Amino acid sequence: MKNKFVIRNKVLPIFLLLFSFFLFGLHTSSAQEMGIPVAAPISSAEAPAPPMNVVAKDAPNDNGHAIMVTWKLSADDGAGKNSVIAYEILRSDNPDAGFEVRGLVAAGTKQYQDKGSREREDKNYFPGQKNFYYKVRVKSDGTFSESEVSAPASAYGQWFHTGKTSIFIATVVFTFFVVMFINWARKGRKLYVRPISGIDAVDEAIGRATEMGRPILYILGLGSAGDLGTIASLTILNRVAKKTAEYQTPLLVPVADAVVLTVAQEAVKAGYYEAGRPEGYKEDSVFFVTSMQFAYVSHVNGLMLREKTATNIYMGVFYAESLLLAETGNVAGSIQISGTDQVAQIPFFVAATDYTLIGEELYAASAYLGKEPVLLGAIKAQDWGKILIMISLILGTLAASFHLDFIVNLFRIKL
Amino acid sequence: MRWQIPLLIVFLGGLFMAVQYFVPLEASERVYEYALDWIIIVGVFAMGLGLWSMFRVSVAKIQTKAPAWGFNIITLAGLFIMILLGLFSGIEEGKPFMSLFWYIYTPIQATMFALLAFYVASAAYRAFRARTLVATILLLTAVVIMLRLIPLGSISGFNQTVASWILTVPNMAAKRAIAMGIGLGGIATALKVILGIERSYMGKD
Amino acid sequence: METGEILWNGLAVFLTLCIFSILYKDNPFYKLAEHLVVGVSAGYFAIILYYNSFIPKVWVPIVQQHQWYYIVPTVLGILMWTRFSRKRSWISRYPISAYMGIGMGVAIPVAMQALILVPLSATMQPMGFTSLALFNNLLVAAGVLCALVYFFFSKEHVGTFGALAKIGIWTLMVGFGAGFGLTVMGRVSLLIERFIFMKDYFTNILGL
Amino acid sequence: MAFYDKLMNLDRRYVYVAMALAVAVPLFIPFQVPIYTTPEVKSVYDFVENLKEGDRFLLAIDYDPNAMAELHPMALTITRQCFAKGVKLFFVTLSQNAPGLAEQLVSRMSKEFNKKNGVDYVYLGYKPYPALVILSMGQNFRISFPMDYYGTPVDSMPIMQGVRNYDDMKGIIAFEAGWVADSWIQNANGRYRAEVALGVTGVMAADYYPYIQSKQIFGLMGGLKGAAEYETLASAKERIASRGMKVQTITHIVVILFIIIGNIGFFMSKRKQI
């Protein structure tokens, strides 16, 4: 105890000196932020063993603006003197001219990706036949030691991201299924589709609204026109519009996104044309409210209570507002049909609406209601997709159980 | 002109972006960023249509003296005041634009959100009835999870274990299966759009 | 609080109460708050769009940096406005189809990755009966399989297949129950926050 | 209509009123509800309770304002407990949004117990690169913190005399809203064998239970519930977490009660039909 105390007082002046140095930024940025004095030991600790075989390579699967540096941990990292705190990565395009610090990583780390800049003027712009040399400095309590200088490396961009191979193959295979089964359906093959409670409900609900002479409310959710859930919903809206046109039931479609507004108008208009009642289409039946979640909901809720809508259909992308809408619809005494691709919201729709299309059922419904047989081909493709998933799942789980990790790795994504 | 070209654009755009995802090259990155800007820019101009629709509907209600039409004046007032303030007095913190946001929008959105506390209760009361086996399962799991927050002496300990098992095993399985189904359905839908089979968004003429 | 703040916060409290009043029934106060927030939020959003999207994506690139290739999307954007005319509105299909194409193309590989392969590979865990952990892995895998069976559309759910589908829907329901039960706490916290907000205001002005 | 029909079709407004009361009453009228305490929180409490006057203890305030509701009550209670026992506290923060709120905590508590800065406690302040700071502190606190938050050289402080690294601390409690928690486990405990316990947000809690079995942490407090448990164990006088927890408990009871009422009605009606 006392002994330590003495050491401290010797150390103090050196320490303040160093600290003022790093305050005045005479040191490399990373070292500054860390507050690790770069030079002169502050305790008599001896330097840790240097990191071995430092290798610099072009970083794989990238845009050609990074170099990957790897090394073997210092013998004192987590072992030996267990005194390693950090590794500092230094780079130079001409070793004789000295090195600059590029990064700092915690002990136990074996690699560092030196990211360059995309700006040509920048000194960190890698592309071109520039050669870069690296060395790694291992830091301990005030002391450090350095590795050998690596062999030169330069950066290139790649044409294919090998880490995404599994995604690529899966996408190609599934696309093939979809195209194949759609042609298959084009040939007019009959295709069984199991009853989906929500689908028949749609037709009933429209009939009910007609009898009651009250409007139907169709909510596309808060998704953008680029969201898959919204697209699926548009097909259903198109079908609903066709029916309402036939029965001449008023249809209300408040939307929360300007692009969705335009596509929804088109889908509804198309519905009225298909029903042979273009004159029945009123552009303002599809109207924009506001893009902000709860403001939008507050208005739609008011609408339900005032218009006493007979049927509310919620299809598409929904967030926390799902239950706000569904409960208010209940108060208004509307029949409610829901479907969303937002896993977190399905429970609330299940609890608070009369019929719910669960996840994929939303897409199945859109294909089914779309009625063009071709669309049904997609349903078949989806089922084949599921079969593939199941087979790979069984294979992969067995493989994992018997530690055949190479099989599992076929499915892993390395970004 | 009216059909072929748009369908061609959808096809090429879709194909290109799908392939781009697998090409790390800088060129492909830049194209991706540029393409996303297209989306944003189209969205910006579309907003004009949105505001116009909003304006028309409100004005129509006022002209036809629809029930409670007076409130639509408030909507329009709010809209124009925000736009004028935003354009001419700036949108930095402390400007009236932001004050209106903080003292009108924020409390209302927070309260709408808070309404859920009531609706969760009423929905649970109405929906969680042991009508069928499936309904009973739904009800029981919900109750077990909610019981975590209720002190029941030694039972709580047991309940904790059950709850965390439910969350990590069946709940996990359900979430994953749903995700996969949604994935397949979504991709199929996207393909239908790209291949021009699904075109209800383009309307008729 | 000084007067300005008292008034502003007073407005906030008033609007809070207006919204809560919907719990009783629809009424003029709710209508007021509702119509006000619709206008204000739409205006707010439009202005934010103007400053964060129009200026940096259209004005700056074209007018200031002369990146002429930004004229293409801008022209497309302007074409959206052909919808103001009945006869020309079909032209708006061009921007819409561009929007759709890009959107769908981006979505496909992302969905394949995040919604299918990630959960799939995450489920590929060693399974067995020797330890609880291994057994749970087995149950998760089985649950996923059965739930997927439930989602089969082109095959009738009868016999063994139907039985698996049943187990599948049970699994899904457990998931939904859990999701519902977990949410209550968060929602209640939001309500607490509103109550405290109002309490603080009144204690403040009444100088309690 | 029959009684069971009433039970099944209560006006929703009754539910709303019940919920409103369930929130308002406990919020404004002080009373206690029992809180079931879990072993993982108890072990944190016991560890702190067994500290003796003059022992040194490290508290890492690593959460930012939006995790305050859950983690601040823990930090408050534990700081009080330590100061009351005359334990010497070392505060540090590794999140760039935390220094402010940590400073409030430290100054408020030190005033409350009139503790002297640099003697009874030291607030070392903030440095970036959490993993590196944690590692460097395993060697020597001075590497990352040559001066404290207020710019005083630490070696001029009595409390720092003879303090070099974790070996001189009885233990560490880290309050975490993110991945830094792992770094405390892997580096402070894994490399330097420091005794570490965690206070984490509710969502994180589940992920850290395994570390208790593997003895890498000696205790774990998860979210509002963990905080409330600790307040109960320490029979704290200020119980922020318990207040929130109280409301949660009661509202959850209300919801479940309504579910039960609905089902009683449902089953009665079924009996009638048979």
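**Entry 1: the second largest pocket**

I looked up the second largest pocket in this predicted model and found about 950 Å³ of space in it. I took a pocket as an open set of points on a 1 Å grid over the protein atoms alone, where a 1.4 Å probe fits, with protein on both sides within 12 Å along at least five of seven lines. The volume is the space filled by probe spheres set on the points, which are joined across faces, edges and corners. The lining comprises 36 residues, a lining residue being one with an atom within 4 Å of a point. V350(A), A351(A), T353(A), D354(A) and A127(B) lie nearest the centre of the pocket.

I then noted which elements give two or more residues to this lining: α8 (321–331), α9 (346–352) and β13 (355–358) of chain A, α4 (96–127) and α5 (133–147) of chain B, and α6 (159–205) of chain C. Helices (H or I, at least four residues) and strands (E, at least two) are DSSP runs, numbered from the N terminus. With four residues, α4(B) gives the most.

By class, I recorded 19 nonpolar, eight polar and nine charged residues in the lining. Nonpolar here covers Ala, Val, Leu, Ile, Met, Phe, Trp, Tyr, Cys and Pro; charged covers Asp, Glu, Lys and Arg; the others, Gly among them, are polar.

**Entry 2: conventions**

I noted that residues are numbered from 1 along each chain as its sequence is written, and that chains are lettered from A and ligands numbered from 1 in the order in which they are written. As this is a predicted model, local features need pLDDT of at least 70 and side-chain atom pairs count only at pLDDT 80 or more, while totals for chains, interfaces and linings use all residues; side-chain values use heavy atoms, with hydrogens and water left out.

I counted 12 helices and 13 strands in chain A. Of its 415 residues, 60% are buried (under 20% relative accessible area; exposed is over 50%, partly exposed in between; 1.4 Å probe, protein chains only).

S140(A) lies in the loop between β6 (133–139) and β7 (144–146). This residue counts as buried, at 1% relative accessibility. I found a polar atom of the S140(A) side chain 2.9 Å from the backbone oxygen of S83(A). Leaving out residues up to four places away in sequence, S140(A) touches P48(A), S83(A), I85(A) and Q139(D), contact meaning heavy atoms within 4.5 Å.

D141(A) is placed in the loop between β6 and β7 as well, and is buried at 0% relative accessible area. I recorded a polar contact of 2.9 Å between the side chains of D141(A) and R164(D). A polar contact is a pair of N or O atoms within 3.5 Å; within protein, one must be able to donate a hydrogen and the other to accept it, and residues adjacent in sequence count only if both atoms are side-chain atoms.

**Entry 3: aromatic pairs**

Rings of Phe, Tyr and Trp (its six-membered ring) pair if their centres lie within 6.5 Å; planes under 30 degrees apart are stacked, over 60 edge-to-face, and the rest tilted.

The rings of F45(B) and W81(C) are edge-to-face, because their planes stand at 70 degrees, with centres 5.4 Å apart. This pair crosses between chains, from helix α2 (residues 26–63) of chain B to the loop between α3 (71–79) and α4 (93–123) of chain C. F45(B) is buried at 7%, whereas W81(C) is partly exposed at 36%.
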